[in-house]
Amino acid sequence: MSVVLQPSDLAWERIALGMQRALRVEREAIFPGGELMPVSLPEFVRVPYLGWVGPRFNGTVIVAKNPGGGGDSQTDVTQHDRAVAEALLALKTAGDGLAGAELRRVFEAFTAQAPTIGMGTLLGRVLDALGEHREEIAFVNLCPYRTRMDKDPGAGAVRSCVSLVLAPLVEALQADTVVLMGGVAARAEPSLQARWIYKLKRRINDYQLHPDAALRLEEIRSSRGERAAARGAQAR
């Protein structure tokens, strides 16, 4: 079933153009010389799996490490994964006046994919602590490209991702809250301009919750009222 989306407006178009600029950062700008190039699914190695923005975005950005799926043994792509890739590439190449519509397609594709990925468990906990829904937040991969054997991007690649992709996107989204999930994403904190920034440690799999992450989730939960009041004041 298709997600019911809100009508387009100037804010949505601004967000869509910000996402489009981030999607246009090519793999070679982050991984020069073919660094960490996956050998599996070569037709998808240059697809920027950046993430999505909900149609009722309210200022919260959740940041993960990278899209995964770079293991050498992977030979097939699911229908959902293909739909996500196609939607992201359509947004990347969209012409004048079309970015907003394509960003909605990206959200729908990621929403359909969500039940099939492990990240959904931790994301659900974060959303519960925020008191927000998928339609109200943005989910972004710090590094939008798959890496060989799902290895972490090196220090240089992380700096490039932050300066070229994440920091400009957070600014374009005018985000007031950023949740950084995992140690790699946490390295972005000094370069981000947001009123509330939280860092969550992750387990090897996201079904188990790191004890420190549980504390940070409680901090997020306790800040709901403050964030809601600030947003309400800004809207007036």
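Which residue just after α6 takes a positive phi? Select Gln174: its phi is about 55°. Keep in mind throughout that this is a predicted model.

**Stop 1: helix α6**

Now centre the view on Val162. A kink of about 45° in α6 is centred there. Val162 is also buried. Other buried residues of α6 include Ala157, Cys161, Leu166, Leu169 and Leu173.

**Stop 2: the nonpolar core**

Select Val53, Ile62, Leu103 and Leu142. These have the most contacts inside the largest nonpolar core, a set of 71 residues. The largest share of this core, 10 residues, comes from α6.

Stay on Ile62 and show its neighbours. Leaving aside residues up to four places away in sequence, Ile62 touches Leu123, Val126, Leu127 and Leu130, among others. Its contacts also include Phe139, Val179 and Met181.

**Stop 3: the aromatic cluster**

Start with Trp52 and Phe107. The pair is edge-to-face, 5.7 Å centre to centre, with 65° between the planes. Trp52 sits in strand β1 and Phe107 in helix α4 (residues 99–113), 55 residues apart. Both Trp52 and Phe107 are buried.

Then turn to Trp52 and Phe139. This pair is stacked, with centres 6.0 Å apart and 20° between the planes. It links distant parts of the chain, since Phe139 lies in strand β3 (residues 137–141), 87 residues from Trp52.

How accessible is Trp52? Its relative accessibility is 2%, so Trp52 counts as buried. Phe139, at 9%, counts as buried too.

**Stop 4: salt bridges**

Side chains of opposite charge can pair when their charged atoms come close. The structure holds 16 salt bridges.

Select Asp176 and Arg231. Their side chains meet in a salt bridge of 2.8 Å, N to O. Asp176 is in the loop between α6 and β4 (177–181), while Arg231 is in helix α9 (residues 224–235), 55 residues apart. Are these two buried or exposed? Asp176 is buried, with a relative accessible area of 13%. Arg231 is buried as well, at 16%.

Together with Asp176 and Arg231 they are linked in a network of salt bridges.

Next, pick Glu189 and Lys199. Their side chains meet in a salt bridge of 3.0 Å, N to O. Glu189 is in the loop between α7 (183–186) and β5 (196–200), and Lys199 is in strand β5, 10 residues apart. Glu189 is partly exposed at 29%, and Lys199 counts as partly exposed at 39%.

Move to helix α8 (residues 211–222), which holds both Arg216 and Asp212. They form a salt bridge, with the closest N and O atoms 2.7 Å apart. The two are four residues apart, about one turn of the helix. Asp212 counts as partly exposed, at 22% relative accessibility.

**Last stop: Gly34**

Finish at Gly34, in the loop between α2 (27–30) and β1 (51–53). Gly34 is partly exposed, with a relative accessible area of 34%. Draw a line from its C-alpha atom to that of Ala185. The separation is 22 Å, for residues 151 apart along the chain.

Conventions. Residues are numbered from 1 along each chain as its sequence is written. This is a predicted model: local features need pLDDT of at least 70, side-chain atom pairs count only at pLDDT 80 or more; totals for chains, interfaces and linings use all residues. Side-chain values use heavy atoms; hydrogens and water are left out. Buried means under 20% relative accessible area, exposed over 50%, partly exposed in between (1.4 Å probe, protein chains only). The bend at a residue is the angle between axes fitted to the seven residues ending there and the seven starting there. A nonpolar core is a set of buried Ala, Val, Leu, Ile, Met, Phe, Trp, Tyr and Cys residues joined through side-chain atoms within 4.5 Å. Contact means heavy atoms within 4.5 Å. Rings of Phe, Tyr and Trp (its six-membered ring) pair if their centres lie within 6.5 Å; planes under 30 degrees apart count as stacked, over 60 as edge-to-face and the rest as tilted. A salt bridge is a side-chain nitrogen of Lys or Arg within 4 Å of a carboxyl oxygen of Asp or Glu.
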